[in-house]
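Student: I have a model open and want to go through it piece by piece. Can you take my questions as they come?
Tutor: Go ahead.

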Amino acid sequence: MIVSILVPCYNEQEVLEETIYRLLAVAREIDLDYEIIFIDDGSTDATLSIIEHSCATNKKIKCISLSRNFGHQPAISAGINHASGDVAIIIDADLQDPPELIPDMIKMWQLENCNVVYAVRRRRDKESAFKKLTARWYYRILSNLSDVSIPKDTGDFRLIDRKVIDTFLKLPEKQKYIRGLIAWVGFIQKPIFYERKERFAGITKFSVNNMLRFARVGLVYFTKKPLRLATNLGLFCFIVSIGLVVYVLISKFYFPETTVRGWSSIIIAIIFFGGVQLLSIGLMGEYIASIFDEIKSRPEYIMDRKINFDHEKLGAKDQP
């Protein structure tokens, strides 16, 4: 049996040597054949050089170098697309998700006869109150709005077996929200719990803008409820507008001395309906933008080269 460990990397030179050391220690512990695939997502520091050096000393360490920074999810997709293992384990390079949990994930997969083992965060060390609060809200909002059951307090740290990998490879969309897609494919999925640590070194490369974009993709791709919400909000506004008409007429005929002609009703109507229209247009715009991205049919990522695979150099036919 082969275990593929997939590690997306972007500017992780401060932590990468420790990551490689701990992953190799874990790989020896599980006593199974393995491959460790690092996906360099267009790093501008020494990340790629460190990976290349490790690939030169250990042929079980492999590298996919992307032509530029495409983002965390496309990097994971590149790893899944090239994993040759019976199972693949997705883990970030920053060591917040402990590699030492991997043997337990494999044991659970074997004993429970499941297809996915996803890691659930019991605690998040050294993270700001803002990040903890927004993450908690986001996962719960997504879970309540989504048309599929997406586990709360989970990231991409998980084990997926060959059945899930092969199903994932058939999914055609380019903008992927991987933890949602893996939940969508179904099969037997089991949680394993752990405490998320602080970064071993360096700083996070996941900016607020990246977080917002990531949250938007998760919401837009896995639920139509915001569109239904806009429809219901429009219906609610119609009902409220009838109430406003009644209020204005009563004020005009029964309390003319205290009513400023036209001002209050006009201002209320403008602000209320203007806000509703902008909200509805914005929601529809998000879905239209997602459709636009998909119909362009551009590849999810572009590879520069691969190391320690069968063919290191890529031609056009090798692109995803």
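Student: Which residues in H1 meet H4?
Tutor: This is a predicted model. On the H1 side the residues are Leu23, Val26, Glu29 and Ile30, and they meet Ile102, Pro103 and Ile106 in H4.

Student: How does that contact split by class?
Tutor: The contact of H1 with H4 has 6 nonpolar residues, no polar ones and 1 charged.

Student: And the geometry, at what angle do the axes of H1 and H4 cross?
Tutor: They cross at roughly 35 degrees, and the axes come within 9 Å.

Student: What about H1 and H2, at what angle do they pack?
Tutor: Helix H1, residues 16–30, and helix H2, residues 47–57, pack at about 30 degrees with their axes 10 Å apart. That angle makes H1 roughly parallel to H2, because angles under 35 degrees count as roughly parallel.

Student: Is the crossing left-handed or right-handed?
Tutor: H1 passes H2 in a right-handed crossing.

Student: Which residues meet there?
Tutor: From H1, Leu16, Glu17 and Ile20; from H2, Thr47, Ile50, Ile51 and Ser54. By class, the contact of H1 with H2 divides into 4 nonpolar, 2 polar and 1 charged.

Student: Other helices now. At what angle do H3 and H6 pack?
Tutor: About 115 degrees, for helix H3 (residues 72–82) and helix H6 (residues 162–169), with the axes 10 Å apart. The crossing of H3 and H6 is left-handed.

Student: Which residues make the contact?
Tutor: H3 supplies Ser77, Ile80 and Asn81, while H6 supplies Ile165, Phe168 and Leu169. The contact of H3 with H6 has 4 nonpolar and 2 polar residues, with no charged residues.

Student: Back to the start of the chain. Where does Gln13 lie?
Tutor: Gln13 is in the loop between S1 and H1. Its relative accessible area is 34%, so Gln13 is partly exposed.

Student: What does Gln13 touch, leaving out residues up to four places away in sequence?
Tutor: Gln13 touches Asp45, Ala46, Thr47 and Ile50. Gln13 and Asp45 are 32 residues apart along the chain, and their C-alpha atoms are separated by 6.7 Å.

Student: Where does Asn11 lie, and is it buried or exposed?
Tutor: Asn11 lies in the loop between strand S1 (2–9) and H1. Asn11 counts as buried because its relative accessibility is 12%, and the cut-off for buried is under 20%.

Student: And Asn113, what is its phi?
Tutor: Asn113 also has a positive phi, about 55 degrees, although it is not a glycine. Asn113 sits in the loop between helix H4 (102–112) and strand S5 (116–124). With a relative accessibility of 60%, Asn113 counts as exposed.

Student: Now the loop between S2 and H2. Is Ser43 buried or exposed?
Tutor: Ser43 is in that loop, between S2 and H2. Ser43 is buried, at a relative accessible area of 16%.

Student: Which residues does Ser43 touch, not counting those up to four places away in sequence?
Tutor: Cys9, Tyr10 and Asn11. Ser43 and Tyr10 are 33 residues apart in sequence, yet 5.0 Å apart in space from C-alpha to C-alpha.

Student: What about Thr44, buried or exposed?
Tutor: Thr44 counts as exposed, with a relative accessibility of 69%. Thr44 is found in the loop between strand S2 (33–40) and H2.

Student: How much of the protein counts as buried?
Tutor: 46% of its 320 residues. The protein exposes about 17,100 Å², and carbon and sulfur atoms supply 60% of that.

Student: Last one. What share of contacts join residues at least 24 apart?
Tutor: 82%, among contacts between residues at least 6 apart in sequence.

How values were computed
Residues are numbered from 1 along each chain as its sequence is written. This is a predicted model: local features need pLDDT of at least 70, side-chain atom pairs count only at pLDDT 80 or more; totals for chains, interfaces and linings use all residues. Side-chain values use heavy atoms; hydrogens and water are left out. Axes are lines fitted to C-alpha atoms, for helices over the stretch in contact, and angles run from 0 to 180 degrees between N-to-C directions. Helices (H or I, at least four residues) and strands (E, at least two) are DSSP runs, numbered from the N terminus. Angles under 35 degrees count as roughly parallel, over 145 as roughly antiparallel, 65 to 115 as roughly perpendicular and the rest as oblique. A crossing is left-handed if the near helix is turned anticlockwise from the far one by less than a right angle, and right-handed if clockwise. Contact means heavy atoms within 4.5 Å. Ala, Val, Leu, Ile, Met, Phe, Trp, Tyr, Cys and Pro count as nonpolar, Asp, Glu, Lys and Arg as charged, and the others, Gly among them, as polar. Buried means under 20% relative accessible area, exposed over 50%, partly exposed in between (1.4 Å probe, protein chains only). Accessible areas come from the Shrake-Rupley method with a 1.4 Å probe; for residues, only the protein chains shown count as cover.
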